[in-house]
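Have a look at the model first, then read on.

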Amino acid sequence: MHVGRPFLRATRATVFAVVCVLVSAVVHVLAGGAAVRPGFLAAAVALTWGGAYAIGARQHGRGALLAACFAAQYGMHHLFSAGAEASAVPLAHAHGGTGVGMVLVHVAVALLSSWWLERGETALAMIAHLAVTSLSVLWAGLLLAVSPVTARLPRRPLAHHEHARLRLLLASSLRRRGPPLPVAAL
């Protein structure tokens, strides 16, 4: 299973977008911004989801993820400022709340988001690899157990194609563990 498959990308993008936007909105309000109207929150989730889905086709480095997360935070800041509830907008935040504190908050959330995304991508890739590897070993073992080649082993020598097939099945289930033996032991 590849981590860039559409269903997996959509699921990852959904979780990331919802969590990222909600955390950003809460921290935006806590840093002095006004509450954001639900329609603007939905727009932020949709835009963040689109970006996360677009870059989710393959794993990216921390730098690329940080740039994407910072761009998302910058966009959300402006979207949240534009979508601020009219009755709760203080005069200082009527033009976007461009204070140093607000910028630092969005930079911190971008750093946290990119770190989370990079760690999650690595973990997901490892889990998918382990699952596929384990399933391929299991499948090879099952094929070997029910294979007509193994049933005929004692009766006659293997034909070339049967020998290659058996070698392939056995090689897929071979595991080597531990460090190599010292040269003297060989």
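Helix 3 is the biggest contributor to the lining of the second largest pocket, giving 7 residues. Keep in mind that this is a predicted model, where local features need pLDDT of at least 70, side-chain atom pairs count only at pLDDT 80 or more, and totals for chains, interfaces and linings use all residues. Residues are numbered from 1 along each chain as its sequence is written, and side-chain values use heavy atoms, with hydrogens and water left out.

**Second largest pocket**

- This pocket holds about 200 Å³ of space; a volume here is the space filled by probe spheres set on grid points, which are joined across faces, edges and corners.
- A pocket, on a 1 Å grid over the protein atoms alone with a 1.4 Å probe, is an open set of points with protein on both sides within 12 Å along at least five of seven lines, and lining residues have an atom within 4 Å of a point.
- Of its 15 lining residues, Leu47, Thr48, Gly51, Ala68 and Ala72 are the closest to the centre.
- Helix 2 and helix 3 are the elements that give two or more residues to this lining; helices are DSSP runs (H or I, at least four residues), numbered from the N terminus.
- By class, the lining has 12 nonpolar, 3 polar and no charged residues. Ala, Val, Leu, Ile, Met, Phe, Trp, Tyr, Cys and Pro count as nonpolar, Asp, Glu, Lys and Arg as charged, and the others, Gly among them, as polar.

**Helix 2 with helix 3**

- The axes of helix 2 (residues 38–55) and helix 3 (residues 62–82) come within 10 Å and cross at roughly 165 degrees. Axes are lines fitted to C-alpha atoms, for helices over the stretch in contact, with angles from 0 to 180 degrees between N-to-C directions.
- The two helices are therefore roughly antiparallel, a label for angles over 145 degrees.
- On the helix 2 side, the contact (heavy atoms within 4.5 Å) uses Phe40, Leu41, Ala43, Ala44, Thr48 and Ile55, and helix 3 answers with Leu65, Ala68, Met76, Leu79, Phe80 and Ala82.
- That contact splits into 11 nonpolar, 1 polar and no charged residues.

**Helix 1 with its neighbours**

- Helix 1 and helix 2 pack with their axes 8 Å apart, at an angle of about 140 degrees.

**Largest pocket**

- The largest pocket has a volume of about 300 Å³.
- It is lined by 16 residues, and Arg12, Phe16, Leu117, Gly120 and Glu121 are the closest to its centre.
- Helix 1 (6–30), helix 2 and helix 4 (100–146) each supply at least two lining residues.
- The lining divides into 9 nonpolar, 3 polar and 4 charged residues.

Terms used:
Parallel < 35°, antiparallel > 145°, perpendicular 65-115°, else oblique.
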